Amino acid sequence: MSEWLESAITRAQSINDWLAPKRANALELLSTTKWPTRKTEAWRYTPLRVVERTKAKSIDDAAIRLLPVAIENFSAIELAFVNGKLDESQLTNALPKGLSISLGQNLSDSEKAQALSAFSTTKPDRHLFGLVNDVLAQDVVIITVEAGAEISEPVRISSLLSQGAESHTRVQVSLGEGSRLSVIEDIQAQGESLSTAFVEYNIAAKAHLEHYRFALQTGTNVSIGGSHFSLKDHAKMHSTIVSFGSDLSRLDTDIIHAGEFADAKLNAMHLLDGKELFDLHATVEHAMPNGTTEENVRGIVADRARSVFNGRIHIHRDAQKTLAELNNRNLLMSNTAEINTKPELEIYADDVRCAHGATVAEIDKQALYYLQTRGVSRSKAQVMLNFGFINELIDLMPNAALAEWVRPIIRERFAQMEVK
Amino acid sequence: MTEQIDKALAREYEAGFVSDVESETFEPGLDESVIRRISQMKNEPEWMLEWRLSAFREWLEMEEPDWALVDYPKIDFQAISYYSAPKSMKDKPKSLDEVDPELLRTYEKLGIPLIEQQMLAGVAVDAVFDSVSVVTTFRDKLEEAGVIFCPISEAIQKYPELIKKYIGSVVPKKDNYYAALNCAVFTDGSFVYIPKGTRCPMELSTYFRINEQNTGQFERTLIVADEGSHVSYLEGCTAPQRDENQLHAAVVELVAMDNAEIKYSTVQNWYPGDEDGKGGIYNFVTKRGICHTNAKISWTQVETGSAVTWKYPSCVLKGDNSVGEFYSVALTRGRQQADTGTKMIHLGKNTKSTIISKGISAGKSNNSYRGLVRMNPGADGARNFTQCDSLLIGDKCGAHTFPYVESRNPSAIIEHEATTSKVSDEQMFLCRQRGLDPEKAVSMIVNGFCKEVFKELPMEFAVEAGKLLEISLEGSVG
């Protein structure tokens, strides 16, 4: 076991609050968990040396003011964690009818009991840092949408970290039957910081979740997160994930079809440069029949960066009539960069249609040549082609304002990539 | 402490090195003295014994792999006997009447000639002498071409230089748990050497090799194709083979020198166990080939037998422009479990690999494809295409795909595709409409599903493989 984990466990032992029973359970699991090595399948390509060596520590300084980046033509209900602490003044604003947002510790006893029973049920126990988050997350935000409520204003949850800070943030979202909500997770971290950010979504029957996760910071931070979704009968989700890498960026997504006729779409893209690392482990569990899943994952990896993708689709015995598709495409831009991808299918039901595809290649040389013959410089042509590769997924984003916001950021990123 | 050590040492001595060369089967158990005895039985030179012992010491330090999607009770390696001499004539069944009628029915369906049936069932009859004469003419022809094809134990005596140079050069002693065990205790296997520029005049088959019976559970094959040569090698046969040994841990090493080509075809149909999966063979095989410049290695396998299969025939594409291929049909039924696939390691420039894997699961079986495609930084312009298709028959089986794709070269292109489906109602309806009974219909659909792989097999083999699938699928429809 690493010193870092030992210290996390020691720190956790002194916490005693409304989550005590769940924290005790996670602590017990943690004490028996082995620190991952290259032989640990889930961390095979992602060494944890940077976590072992991190100097990040929790910073409790009210003087530190950090603000989430502004998005043009876009307004949202803003919730910002600063170094893991939520500014409670944000919770006093009036909320649309049917939506409630509170800190776990401020809930009434009956609400607490309900939140406690839902805590850590969508997130699987196998995520080591999820367990760390279970025991260390202080301000747990509970977001609830009443049955039938359609909330048009999105909720943006930002996790902001200052230089050298350590933070553990946790959010629990429940969508009542037939409700609708849009959530944006946004990670903005400064150098030498370490964060774990986990969000659990319980999506009731016929409810619809629109989900975004942006991690557009780069640099020396360690950013480990998880977005976990449980879908009931006829529930729907549409998720878009845009990530740049860092010293270590790891995201685990779990989509659980816990009801029939659920529909999940996940579009993820990552653009890596320098010596960044990004690791996406996306798991889909089809536990019930008639579900559909469509996953598109695209990566562009330049310079000395490394990308890891593990896309697992597990069709359980009873999940007949499932349709599941996973498409993973990668562009490798340099001979010192590395792409490791593993699309997995584990299927126990016979009347299903499942497919996955994965490709790794470089930019189409002929397309590049064509553009150059038309007078476009090589570097510009490269940006154009790269952008086209990702733009297909940006176009699928349901929220136009967010798409317009992220497009130039990505274009800028490509322009930086080609300089090297 | 020292007392305990002394005791332990003394105990080992009790079992004794004083080997009883006369005895036909060793007592169960494994320690250095057993390896010394095997080596002595085979009359091996000192270097071979040293090689075995160093592998054994490595093995003691290793752990049994547990990453494959297979489930079987823990193997007690001390409960296995590591050597048994070929059965003497008097222990064998006197005629086919004494052989399990179930087995004979299968032979009949496969259309196997009587003499071969007797051979396969291990019947002691004079007829076998006929086949010996076949083998002799066969040997003459090979000798004329300069091809060496003999048991590996014979090669260790006759061609020590070749063996020393190549054994363990593709699959190192400590490559994996079962390979290390095989290095320590292998009893026999084949050795093939094709001289420079030679095209082997016929397809080589283990089936025709003298001393084929009872090569034992730890078989070792080494094929070296020298520059510009060509060989096609067939392993196993379609007929179900009986074997008392439950654990099989074979190692196959292929070396294709510049411009050489090796085609290695396998049909594996070991006993899969009864309906509850009891008593079947555990087939844990390490197969790997190395391709030098412009060389080509092609693996084709049809896997229908064994209770547990753990097998990943691989190619190390070391030389520029070398080619690796893997064509596989794996069928599981009953309680069978197969975890099989390939590794293509691209090191040289413009190397190419193709992987076509067809998995068919029926009954309560589990069938997994597990593969690795790795493009190293030097593999400029390398290319891989992978296609894994799974077919499910019934709702109690499982089909899984675990492909690892690792690229460190931007000019390399990798494509991986996988699909899973079942025999569709429409397909069945169409066939039934045209008067085919359900079993025939399924077998036809399955044969079509496997066509891409069957066409890679030598002709007679392909026909037999088709028949084999049909028989294996009997009773799994409806």
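The model is predicted, and the values below are computed from it. Chain B holds 13 helices and 20 strands, while the contact draws 30 residues from chain A and 29 residues from chain B.

**Chain B**
- Chain B has 478 residues, of which 47% count as buried.
- Among the contacts in chain B with a separation of 6 or more, 83% are made by residues 24 or more positions apart.

**The contact between the chains**
- On the side of chain A that touches chain B, strand E18 (338-347) and strand E19 (353-361) of chain A each supply at least two residues, and E18(A) gives the most, with 10 residues.
- Sorted by class, that side of chain A has 14 nonpolar, 7 polar and 9 charged residues.
- E18(A) also pairs with strand E19 (residues 398-407) of chain B, in the antiparallel sense and over 6 bridges.
- A:Ile347 stands opposite B:Ala399, a residue in E19(B).

**The nonpolar core**
- The largest nonpolar core has 226 residues, and those with the most contacts inside it are A:Ile203, B:Val192, B:Ala225 and B:Ala256.
- Helix H9 (residues 177-185) of chain B gives the most to this core, contributing 7 residues.
- B:Val192, one of the residues with the most contacts inside the core, touches B:Ile148, B:Phe149, B:Leu204, B:Ile223, B:Val224, B:Val231 and B:Tyr233, when residues up to four places away in sequence are not counted.

Terms used. Residues are numbered from 1 along each chain as its sequence is written. Chains are lettered from A and ligands numbered from 1 in the order in which they are written. This is a predicted model: local features need pLDDT of at least 70, side-chain atom pairs count only at pLDDT 80 or more; totals for chains, interfaces and linings use all residues. A nonpolar core is a set of buried Ala, Val, Leu, Ile, Met, Phe, Trp, Tyr and Cys residues joined through C-beta atoms within 7 Å. A residue is buried if 20 or more other C-beta atoms lie within 10 Å of its own, exposed if 12 or fewer, and partly exposed in between; C-beta atoms are placed from the backbone. Helices (H or I, at least four residues) and strands (E, at least two) are DSSP runs, numbered from the N terminus. Two residues are in contact if their C-beta atoms, placed from the backbone, lie within 7 Å. Ala, Val, Leu, Ile, Met, Phe, Trp, Tyr, Cys and Pro count as nonpolar, Asp, Glu, Lys and Arg as charged, and the others, Gly among them, as polar. Two strands pair if DSSP finds at least two bridges between them.
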